[in-house]
Amino acid sequence: MFDKILIANRGEIALRVLRACKELGIATVAVHSTADDDAMHVRLADESVCIGPPPAKDSYLNIPALLAACEITGADAVHPGYGFLSENARFAEILAEHNVHFIGPKPEHIRLMGDKIEAKRTAKRLGLAVVPGSEAAVASEEEASRLAADFGFPLLIKAAAGGGGRGMKVARSQPELASALATARAEAKAAFGYDALYLEKYLEAPRHIEIQVLGDGNGRAIHLGERDCSLQRRHQKLLEEGPSPALNAGERDDIGEKVADAMRSLHYLGAGTVEFLHQDGQFYFIEMNTRIQVEHPVTEMITDIDLVLEQIRVAAGAELLLEQKDVRFHGHAIECRINAENPVSFRPSPGRILHYHTPGGLGIRVDSAAYQGYEIPPYYDSLVGKLIVHGKTRTECLMRLKRALDEFVIDGIDTTLPLFRALVREQDIVDGDYHIHWLQDFLARAVLEE
Ligand code: MV4
């Protein structure tokens, strides 16, 4: 096992990793920018190293500074959390070259899934259904037109380097195709410096359902069920839940086993999330994330498996002791991402938290690095904390969630708490009847009703 882990992140996920390390008896190193001198992850770690000025590119993304911090402290492993360097294959390789373990997948798998065309090709080869579309990069307008004749409109043009919704364009008819292709290519080039594009049949109103996996790199892999992450605004998830209201136990086992099999064939190492669109009872693979995700607590609450602890164990070379039959699903969990944003305009609202009171009681978990008097810096994402609620049934979970949202106090800044209080009272949410465009439609309606 590792002796000392450096956590190359900040905020609630840095705390989450720290907690797993403490329970394993592993020493911890926090790194921080000068904007995070007063951050909770710095206070709770055994040691801390300042790695640069506030902009992330100079601190949390600064590989030489992180290497120096490993060297100074003698850390033998790095946990990257999510975001920042978590899906940077080169970072994982550089750490290995310096005899520091990366707590995450093999670099080859990070790289493979980073190219969405390669990821899709791999998923298909491993037996997962993909959205009908081009099997390689689309080179020209003529080729796109030929594919359109095969698949029909509407079509979605995606960037190979994209993901998370960046650089996508819908084409609803032949006359729209050329300009959609040109715009997508220019945007991909500008955003990623890589303009390879691919094309898919556009699904009008699917759900976003993702499967959590764990592998030990030697052919053992399990799935931990799904999370329904359809409630998003501009590709930012707001509320996630598991199990998905759209699946029954048979469908869950079926897709889960297919995904676990694929991960066994790959010899996947670490935690991962395989993303699907789900429409009319069918699953279509779209992408895979090779990191721990923000919404991982939903899965932890319904399986009682500590995903970060398992990540650390398998990264240290331990074999996966959990077998699929050991994974038991119980009850229902919902996570709300509480952001420091205006709940109507979604404008970021950094600043000092004057009053802070978190809800408690049975089935309530709050993952946050916030505290009374803490000043949220303007440089990073606006997540203040995650409220995760568990119940024996979805109904019980929603009752507890309503109650917990009413208890939560964060004063001094704007937060998205009022939005969640409204959301959980919407009939469609109560019924679990929503898709990836539901939230945008709701927000448009809510403004009209004001
Ligand atoms: C799609 C799609 C419809 N059809 N692909 C957006 C993020 C990226 N991960 C994939 N995305 C989509 N891909 C096909 N063929 C619709 C979306 C999409 C979406 C997906 C998941 C969650 C929210 C979304 C919001 C808008 C569009």
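Just after helix α3, Gly74 takes a positive phi of about 75°. The model is predicted: local features need pLDDT of at least 70, side-chain atom pairs count only at pLDDT 80 or more, and totals for chains, interfaces and linings use all residues. Residues are numbered from 1 along each chain as its sequence is written, and side-chain values use heavy atoms, with hydrogens and water left out. Helices (H or I, at least four residues) and strands (E, at least two) are DSSP runs, numbered from the N terminus.

Helix α3 spans residues 63-73. Its buried residues (under 20% relative accessible area, 1.4 Å probe, protein chains only) are Ile63, Ala65, Leu66, Leu67, Ala69, Cys70 and Thr73. The cover over these residues includes β1 (4-7), β2 (27-33), β3 (47-52), β4 (77-79) and α4 (89-97). At the start of α3, a side-chain oxygen of Asn62 comes to within 3.1 Å of the backbone nitrogen of Ala65.

The strands β3-β2-β1-β4-β5, in that order, form an open sheet with parallel pairing; two strands pair if DSSP finds at least two bridges between them. β3 and β5 (101-102) stand at the edges with a single partner strand each, so one side of each lacks a neighbour in the sheet. β1 and β2 pair in the parallel sense over four bridges. Leu6 has Val29 of β2 as its bridge partner.

Thirteen residues line the second largest pocket; Pro343, Val344, Leu419, Leu443 and Ala446 lie nearest its centre. Elements giving two or more residues to this lining are α13 (417-423) and α15 (438-449). α15 gives the most, with four residues.

Key:
Buried means under 20% relative accessible area, exposed over 50%, partly exposed in between (1.4 Å probe, protein chains only). Contact means heavy atoms within 4.5 Å. A polar contact is a pair of N or O atoms within 3.5 Å; within protein, one must be able to donate a hydrogen and the other to accept it, and residues adjacent in sequence count only if both atoms are side-chain atoms. On a 1 Å grid over the protein atoms alone, a cavity is a set of points where a 1.4 Å probe fits but cannot get out, and a pocket is an open set with protein on both sides within 12 Å along at least five of seven lines; lining residues have an atom within 4 Å of a point.
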